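Work through the exercises below with the model open. Try each task before reading its solution.

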Amino acid sequence: MKKFINDPNKVVDEMLEGFLAAHSDVVEKLPTSRVVVRKGAPFKGKVGLVTGGGSGHKPAFIGYVGDGLVDAVAVGDIFSSPSAQQIYEAIKAVDSGKGVLCMLGNYSGDIMNFDMAVEMARDDGLKVEQVIVNDDVGSAPKDKMENRRGVVGEVILWKVAGAKAKEGASLEELKETAEKTIFNTRSMGVAHTPCTVPTAGEPTFTLGENEMEIGVGHHGEPGVKRMPMKSADETTQMLMEKILEDLPFKSGDEVIVNVNGLGATPLLELYIVYRKVHEILKDSNIKVHRAYVGEYFTSLEMGGFSITLTKLDKELKRLIDAPARAPLFVQM
Amino acid sequence: MQDKISFSQVLGSLKAVLGKLEEKRKELDRLDSPIGDGDHGRTISNAFQKLTPLFESSEEDIGVLLKKVGRTLALSAGAAAGPLYGTAFMEAGKVVEGKKEIDLGDMVKMAQAFEEGIKRRGKAEVGEKTMLDTVHPAVESLKKSLSENLSLEDALKNMKEEAKRGMESTKDLISQRGRSSRLGERTRGHIDPGAASCYYIIEAMVDFLLSS
């Protein structure tokens with residue numbers, strides 16, 4: 001393992017110290033818990049937005065704490081859910097009396113800890129709702145959607161919900177829009193090189209020199225199919241077929257596209273991928289309203305990428321276009 | 001060995017669990033790699049290390065101790081292990097509140113509550129390739145030992161053996177819970193890491209009790 005770290009057991013805390021020092025104008029840490037909150041929270045008249053999960057996904061999750069995005073993030077260890085206590089404190093920190101929406105990926109650890117935290121907050125009399133993101137087509141067949149993992153769909157949701165909350169929506173309205181966003185979003189990933197969790201010291205999986213794996217999860221969970229490396233166009237074609245048929249996306253639809261690097265794939269390659277995505281969508285008469293190409297939700301230094309599509313309606317278009325400003329996500 | 005377990009023995013057996021999980025850290029990480037994300041040993045060991053401050057406890061009440069253990073795991077340990085073991089220990093603690101020592105009858109009640117806690121929190125059933133596949137046969141074995149009037153020593157030995165058998169049974173099962181459930185058939189042939197760590201917890205407690 002070659003990494004620029006000091007102590008494998010301290011990577012999250014030391015990363016957080018650096019992050020807070022660099023972005024102290026926007027974010028701060030709760031004094032008693034590993035929770036990153038937007039400075040000035042809670043915001044009067046606005047539903048609080050909480051997310052959280054394991055670390056190792058920069059810029060997710062904490063890079064999205066900001067204006068027009070989320071208000072608080074409970075920070076777990078690498079690839080491991082934060083505790084119920086952390087999530088509970090995040091909820092309390094951003095509640096202005098208008099309620100709190102928790103947004104999480106579909107992982108059993110996150111679900112149990114959020115469940116417990118939400119129970120505790122409701123016991124205190126707070127209004128709290130949860131939505132669970134499950135956009136990864138590669139992680140389970142369509143008839144088992146409830147088993148699908150949440151990946152870049154979480155980023156799309158934070159953007160949409162952040163804009164909606166800023167408009168002053170109620171908790172009920174916000175939840176409805178959040179669920180619509182999740183319902184309209186599909187992702188699929190591929191990897192050719194694994195990542196190494198610092199404390200484990202060994203890669204989470206191994207692939208042959210000339211092999212790639214379709215459907216690998218954001219924590220190195222094994223995918224659905226291994227095969228010899230293919231070109232950018234062929235790989236993109238495979239992923240897009242799965243994504244398009246799953247919703248399904250149809251001629252005349254308008255979408256946003258996210259081509260996301262998993263940590264060790266350069267922008268150069270991501271744009272080559274996007275080139276093909278754009279061509280396929282054009283040929284399918286699907287209009288790209290906005291494209292995001294870059295690193296939005298990584299998996300440490302994994303080599304690979306994911307493609308995410310969200311079908312838009314008038315409301316989602318307005319919300320996705322709203323400006324946002326966070327340490328690692330700025331949209332004018 | 002006597003027919004009752006004292007408060008200090010319970011405390012000692014919990015300390016033994018911490019040592020055992022630390023010792024098995026790498027092995028559990030390796031078990032987790034083919035069907036998970038390779039961090040189970042680290043996660044479960046870190047979760048139980050959070051219990052260290054509780055061992056200074058002076059109040060001699062097994063129920064209170066176990067409830068504190070549960071609360072600490074549930075609230076501050078995170079990951080999936082925190083809420084699952086947390087709920088299990090809290091439930092087990094509730095049925096022996098006020099007790100300074102416990103007999104086989106108490107242990108059966110605790111074990112049943114422990115199992116129910118896991119089922120409730122994880123919404124899992126036996127046979128889905130989880131820690132429950134270790135816990136359930138262990139609980140059944142304790143119940144059987146009680147009905148057959150076995151000594152506490154024999155009951156503990158049998159329970160450990162059945163827990164081991166249960167853990168090994170997960171090798172032939174297909175995962176239906178948690179992260180590994182997405183792999184379906186590919187999980188067959190691998191022991192479930194959660195079932196394995198659960199066995200090591202039982203093994204550490206039993207070995208400590210038998211030797212103390």
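**Exercise 1. A strand pair and its sheet**

Solution: 
- Start with the pair. Strands count as paired if DSSP finds at least two bridges between them. Helices (H or I, at least four residues) and strands (E, at least two) are DSSP runs, numbered from the N terminus.
- Pick one bridge. A:Val36 has A:Val73 in S4(A) as its partner.
- Widen the view. The open sheet of chain A has 6 strands, ordered S1-S2-S4-S3-S5-S6, with mixed pairing.
- Strand S1 (27-29) and strand S6 (128-133) of chain A each pair on one side only.
- Now the covering helix. Helix H5 (residues 171-183) of chain A lies across strand S5 (100-105) and S6 of chain A, at about 5° to S6(A).

A note on the model: it is predicted, so local features need pLDDT of at least 70 and side-chain atom pairs pLDDT 80 or more, while totals for chains, interfaces and linings use all residues. Residues are numbered from 1 along each chain as its sequence is written, and chains are lettered from A and ligands numbered from 1 in the order in which they are written.

**Exercise 2. Two domains of chain A**

Task: Where is chain A divided, and which helix gives the largest share of the domain 1 side of the contact?

Solution: 
- Domain 1 covers 8-184 and domain 2 covers 185-320 of chain A. Such bounds come from an automatic or database domain assignment.
- Take the spacing. The C-alpha centres of the two domains of chain A are 23 Å apart.
- Count the contact. Domain 1 of chain A gives 31 residues and domain 2 gives 34. Contact requires C-beta atoms, placed from the backbone, within 7 Å.
- Name the suppliers. Helix H4 (153-166) and H5 of chain A each give at least two residues of the domain 1 side. H4(A) has the largest share, 8 residues.

**Exercise 3. Helix H3 of chain B**

Task: How many residues of H3(B) are buried, and what covers them?

Solution: 
- Count first. In H3(B), 9 of 10 residues are buried. A residue is buried if 20 or more other C-beta atoms lie within 10 Å of its own, exposed if 12 or fewer, and partly exposed in between, with C-beta atoms placed from the backbone.
- Name some. Among them are B:His40, B:Arg42 and B:Phe48.
- Find the cover. It includes helix H1 (7-23), helix H2 (25-32), H4, H5 and helix H9 (193-211) of chain B.
- Check two of these helices. H2(B) and H9(B) pack at about 155°, with axes 9 Å apart. That makes them roughly antiparallel (over 145 degrees).
- List the contact. B:Leu28, B:Leu31 and B:Asp32 of H2(B) meet B:Pro193, B:Ala196 and B:Ser197 of H9(B).

**Exercise 4. The chain interface**

Task: How many residues of chain B contact chain A, and which helices supply them?

Solution: 
- Count both sides. 25 residues of chain B contact 27 of chain A.
- Name the helices. H3 (40-49), H4 (62-76) and H5 (81-94) of chain B each supply at least two residues of the chain B side.

**Exercise 5. A loop residue**

Task: Is A:Ala322 buried or partly exposed?

Solution: 
- Locate A:Ala322. This residue sits in the loop between helix H8 (314-321) and strand S13 (324-326) of chain A.
- Count neighbours. A:Ala322 is partly exposed because it has 15 C-beta neighbours inside 10 Å.
- Look beyond four places in sequence. There A:Ala322 contacts A:Gly68 and A:Ala163.

Technical notes:
Two residues are in contact if their C-beta atoms, placed from the backbone, lie within 7 Å. Axes are lines fitted to C-alpha atoms, for helices over the stretch in contact, and angles run from 0 to 180 degrees between N-to-C directions. Angles under 35 degrees count as roughly parallel, over 145 as roughly antiparallel, 65 to 115 as roughly perpendicular and the rest as oblique.
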